[in-house]
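Trainee: Can you walk me through this one? I would like to start with the rings and then go to the ligand.

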Amino acid sequence: MNTTLKTSIDKLIGHKLLSKEEFVALLNENSEELRTFLAREAFAVKQQHFSNQIYIRGLIEFSNYCKNDCYYCGIRCSNRTLSRYRLSKEQILSCCHQGYHLGFRTFVLQGGEDAYYDDTYMTDIVSTIRQQFPDCAITLSLGERTKESYEQLFKAGANRYLLRHETADAIHYKKLHPPGMSHENRMSCLRELKAIGYQTGCGFMVGSPYQTKEHLAQDLLYIQDFKPEMVGIGPYVSHKDTPFKNEKNGTLEDTLLLLSILRLMHPMLLLPATTALGTISPEGRELGILAGANVIMPNLSPSENRNQYSLYDNKICTDEEAAEGLHNLKLRMQSIGQDIVIDRGDAPHI
Ligand code: SAM
């Protein structure tokens, strides 16, 4: 490593922020030496703030209907080959009950942008979960809705909202989305969610088509400025029925480096080792934890629907990925000295 790079690393560790040029230089370098060094530092920071605890979230993918047509996503509305499903309120509650008994204290309701779940229905679902599981956190990941809708759902008992910004660069955003979709609106939704009081999560795909290191540096600067409680990043993985079917996947190495940088920038961050990371590498999630991540999101959706929530090809639906395989996941985490805890796992300052 050259001296300029070493100075940047010291600055990142000491001051938790870098300039765009310094981020770009780190991302361009991405040598094994750099990754190993930053992962060791990031893991130490994670251990210092969260000890060896790993938070789990029960992911309920409740609908694969989506009005949007994102060029990268397998559940885009133009994908006519996909068989679509919706979970009823009762099915969602049954997933929560199953999850609660397994030890989950956070439920993440994620779906395509599906108008079937209007404010009345969604509020009813959230308030019923809130009544039946008063000691659990409810996280929503429903995409872009109105400010009133976000407020209503917050009042009904939702605590957290995940809305990946996808890219901080408006021109890059246009290359990933059709003309009807607005970067400005997505960013404005994130500001609204935070102002309402949600623990808010943004994020992006690593290695998405047309992404440059400058774009990634812009993402990091945006996160530095926005200060979310959570950041979801995972590699872009292509899907055979999308316009980007021939684009190459994001890499394990780039994702691990970014996880470490994020942990060093933001020591208290709730940072998942995502399913996409586990999809591109069998040990992706363990490596993600060792690079600074502290959250895992096993799947609580009914097993018959898991393949239908097909964002990208070869999404893992193995034993450890499914919530029922929690025991195996615990063993895998123990093998790297980590403990899965029964805890809501809120952002530390909440
Ligand atoms: N509709 C909600 C939204 O827009 O936030 C939640 C569902 S959306 C499918 C969840 C996330 O999946 C997106 O924010 C995107 O980053 C990720 N995703 C979609 N297609 C992907 C792909 N091909 N590879 C990796 N991640 C993907």
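**Rings, charges and the ligand**

Mentor: Arg86 lies over the face of Tyr65, 3.8 Å from the ring centre. A charge sits over a ring if NZ of Lys or CZ of Arg is within 6 Å of the ring centre and within 35 degrees of the ring normal. This is a predicted model, where local features need pLDDT of at least 70 and side-chain atom pairs count only at pLDDT 80 or more, while totals for chains, interfaces and linings use all residues. Residues are numbered from 1 along each chain as its sequence is written, and side-chain values use heavy atoms, with hydrogens and water left out.

Trainee: And which ring does the charged end of Lys194 sit over?

Mentor: That of Phe226, with 5.1 Å to the ring centre.

Trainee: What does Phe226 pair with?

Mentor: Tyr222. The two rings are stacked, 5.4 Å centre to centre with 10 degrees between the planes. Rings of Phe, Tyr and Trp (its six-membered ring) pair if their centres lie within 6.5 Å; planes under 30 degrees apart count as stacked, over 60 as edge-to-face and the rest as tilted. By this rule there are 13 aromatic pairs.

Trainee: Where are Tyr222 and Phe226 in the fold?

Mentor: Both are in helix α9 (residues 213–226), four residues apart, so about one helical turn separates them. Helices are DSSP runs (H or I, at least four residues), numbered from the N terminus.

Trainee: Buried or exposed, Tyr222 and Phe226?

Mentor: Tyr222 is buried at 15% relative accessibility, and Phe226 is buried at 9%. Buried means under 20% relative accessible area, exposed over 50%, partly exposed in between (1.4 Å probe, protein chains only).

Trainee: Which residues make up the ring cluster?

Mentor: Phe62, Tyr116, Tyr117 and Tyr121, linked by ring pairs.

Trainee: On to the ligand. Which residues come nearest?

Mentor: Tyr72, Gly111, Arg164, Glu166 and Val237, out of 18 residues around the ligand. A residue is near if one of its heavy atoms lies within 4 Å.

Trainee: What lies 3.0 Å from a ligand nitrogen?

Mentor: A backbone N or O atom of Tyr72. On the side-chain side, an N or O atom of Glu166 is 2.5 Å from a ligand oxygen, and a polar atom of Arg186 is 3.1 Å from a ligand oxygen.

Trainee: How much of the ligand does the protein bury?

Mentor: 92% of the 560 Å² that the ligand exposes taken alone. Those areas come from the Shrake-Rupley method with a 1.4 Å probe.

Methods: Polar contact = N/O pair within 3.5 Å; in protein donor to acceptor, adjacent residues only side chain to side chain. Helix = DSSP H or I, 4+ residues; strand = E, 2+ residues; numbered from the N terminus.
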